[in-house]
Amino acid sequence: MYSEKVMDHFMNPRNVGEIENADGVGEVGNAKCGDIMKMYLKIENDVIVDVKFKTFGCGAAIATSSMATELVKGRSLEEALNLTNKAVVEALDGLPPVKIHCSVLAEEAIKAALLDYYDRNGIDNDLAKRCRAANVHSCDSCDDHCSTCGKDC
């Protein structure tokens, strides 16, 4: 059912915790399944130098949070903004279709933390504008009724 990578990231999640005085914090959730993800970013010179997460949810939610942090740590803000839920799923060697929404939440949590960083710092450059546009909730990969945008996915 779950790949070895999913099980590894569930049983041994990377980057768990909080960052005190984080530069950006994003929290997202799915009311239907109860998953809640909170991401913390430490940013220096437009690079994510540290990232941590706290997730309340199933094993897939924890695994996707863990993998998302691995995929953005050490990356530029632009690279992090380009993270997709599909990249998270591929890095985990797949997820069952009913768990794809977990990868969507992981992507959204990273983007919400980036948006928080831009807003806190009054940054309104092209990258910040792309982040704001990307942070508009789109649930093209989940199969639930979205509590954020109200659409049936």
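Predicted model: local features only at pLDDT ≥ 70, side-chain atom pairs only at ≥ 80, totals over all residues.
Lys 38 lies in strand S2 and is partly exposed, with a relative accessible area of 28%.

The mean pLDDT of the chain is 87, and 88% of its residues reach 70 or more. Residues 137-153 have pLDDT below 50, and in the model this stretch has 36 contacts beyond near neighbours in sequence.

Next, display the largest nonpolar core, a set of 40 residues in which Ile 48, Leu 77, Ile 110, Leu 114 and Tyr 118 have the most contacts. Two or more core residues come from each of strand S2 (35-44), strand S3 (47-56), helix H2 (59-72), H3, helix H4 (85-91), H5 and H6. The most are given by H5, with 12 residues. In soluble globular proteins, nonpolar side chains tend to be buried together.

Stay on helix H5 and select Glu 107, which is found there. Is Glu 107 buried or exposed? Glu 107 is buried, its relative accessible area being 15%. Its contacts, leaving aside neighbours within four places in sequence, are Leu 83, Thr 84 and Asn 85. Draw a distance from the side chain of Glu 107 to the backbone nitrogen of Asn 85: the value is 2.7 Å.

Then centre the view on Tyr 118.

Finally, select helix H6, residues 126-134, where the buried residues are Leu 127, Ala 128 and Cys 131. These three lie on the same side of H6 because they cover an arc of only 100 degrees around the axis. An α-helix has 3.6 residues a turn, so residues three or four places apart point the same way. Which elements cover the buried residues of H6? Among them are helix H3 (77-81) and helix H5 (100-120). Turn to the other side of H6 to find Asp 126 and Ala 133, which are exposed.

Definitions and conventions
Residues numbered from 1 in each chain as written. Heavy atoms only, no water. Buried < 20%, exposed > 50% of the residue type's maximum accessible area, 1.4 Å probe, protein only. Helix = DSSP H or I, 4+ residues; strand = E, 2+ residues; numbered from the N terminus. Arc of directions from axis to C-beta. Contact = heavy atoms within 4.5 Å. Core = buried A, V, L, I, M, F, W, Y, C linked by side-chain atoms within 4.5 Å. Polar contact = N/O pair within 3.5 Å; in protein donor to acceptor, adjacent residues only side chain to side chain. pLDDT = per-residue confidence, 0-100.
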